[in-house]
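Q: I'd like to learn how to read this one feature by feature. Can you walk me through it?

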Amino acid sequence: MSIGNRGGRPPKPTELKLVQGNPGKRPITQDEPTPGVGLLPPPAHLTAGAKREYTRTGGRLVKVRVLTENDCNTLALYAAAWDVTVVASKGLRETGYVVTNDKGNLVKSPYWILYNEAVAQLIRFTPELGLSPSSRTRVRSVSSSSVTSF
């Protein structure tokens with residue numbers, strides 16, 4: 001049985017139902033998990049640059065009470081994609097956007113392709129973490145009662 005893509009709208013969070021009302025009168029989940037605000041240490045597999053971005057962005061998100069321990073994997077993916085854009089940008093400065101292949105033809109730089117793929121990943125992770133202006137309107141801070149410290 002596949003749990004992945006179920007189709008349809010994603011379920012509305014319980015807190016949002018309580019604020020906006022429950023016109024469908026469906027039962028409201030009382031035991032929804034509420035992870036605490038916190039930033040776990042960066043995963044060991046991240047590069048040094050990705051670890052810096054993880055810590056920098058994670059610190060900002062914890063400060064505004066948006067990041068929970070459960071979000072740290074998403075943050076790690078975001079940080080890894082960010083680091084790829086940095087590395088690819090350095091490569092582009094050295095090679096340019098167009099390079100000559102082994103047959104003498106002009107082709108897109110592999111760094112440009114890498115950069116574009118990483119940016120596409122960043123665009124997918126940014127709203128999940130509330131890192132864009134429009135996504136911040138849909139993100140709520142976690143209450144102070146669920147703060148954890150390490």
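Predicted model: local features only at pLDDT ≥ 70, side-chain atom pairs only at ≥ 80, totals over all residues.

Q: What pattern does the protein chain follow along the sequence?
A: Start with the elements: there are five helices and two strands. Their order is α-α-α-β-β-α-α.

Q: How much of the protein chain is buried?
A: Burial here means under 20% relative accessible area. By that cut-off, 27% of the 150 residues are buried. The accessible surface is about 10800 Å², and carbon and sulfur atoms hold 56% of that area.

Q: What does L61 touch, leaving out residues up to four places away in sequence?
A: Its partners are V66, L67, L129 and L131.

Q: On to the rings. How many aromatic pairs are there?
A: A pair needs ring centres within 6.5 Å, and planes under 30 degrees apart count as stacked. The count is three. Y78 and W82 make a stacked one, at 6.5 Å centre to centre with 25 degrees between the planes. These two residues are four apart in helix 3, so about one helical turn separates them.

Q: Are Y78 and W82 buried or partly exposed?
A: Y78 is buried, because its relative accessibility is 9%. W82 reaches 32%, so it counts as partly exposed.

Q: How are the planes of W112 and Y115 arranged?
A: They're stacked too, with 5.8 Å centre to centre and 15 degrees between the planes. W112 and Y115 sit three residues apart in helix 4, so there's about one helical turn between them. W112 is partly exposed at 26% relative accessibility, and Y115 is partly exposed at 25%. Ring pairs also bring in Y97, giving a cluster of Y97, W112 and Y115.

Q: Which residues make the nonpolar surface patch of about 350 Å²?
A: Look for Y97, V98 and L106. V98 lies in strand 1 (residues 98–100). With a relative accessible area of 48%, V98 is partly exposed.

Terms used. Residues numbered from 1 in each chain as written. Heavy atoms only, no water. Contact = heavy atoms within 4.5 Å. Patch = residues over 30% accessible without salt bridge, like charges linked within 9 Å, V, L, I, M, F, W, Y side chains within 5 Å. Areas by Shrake-Rupley, 256 points an atom, 1.4 Å probe, with all protein chains shown as cover. Salt bridge = Lys/Arg side-chain N within 4 Å of Asp/Glu carboxyl O. Buried < 20%, exposed > 50% of the residue type's maximum accessible area, 1.4 Å probe, protein only. Phe/Tyr/Trp six-rings, centres within 6.5 Å; stacked < 30°, edge-to-face > 60°.
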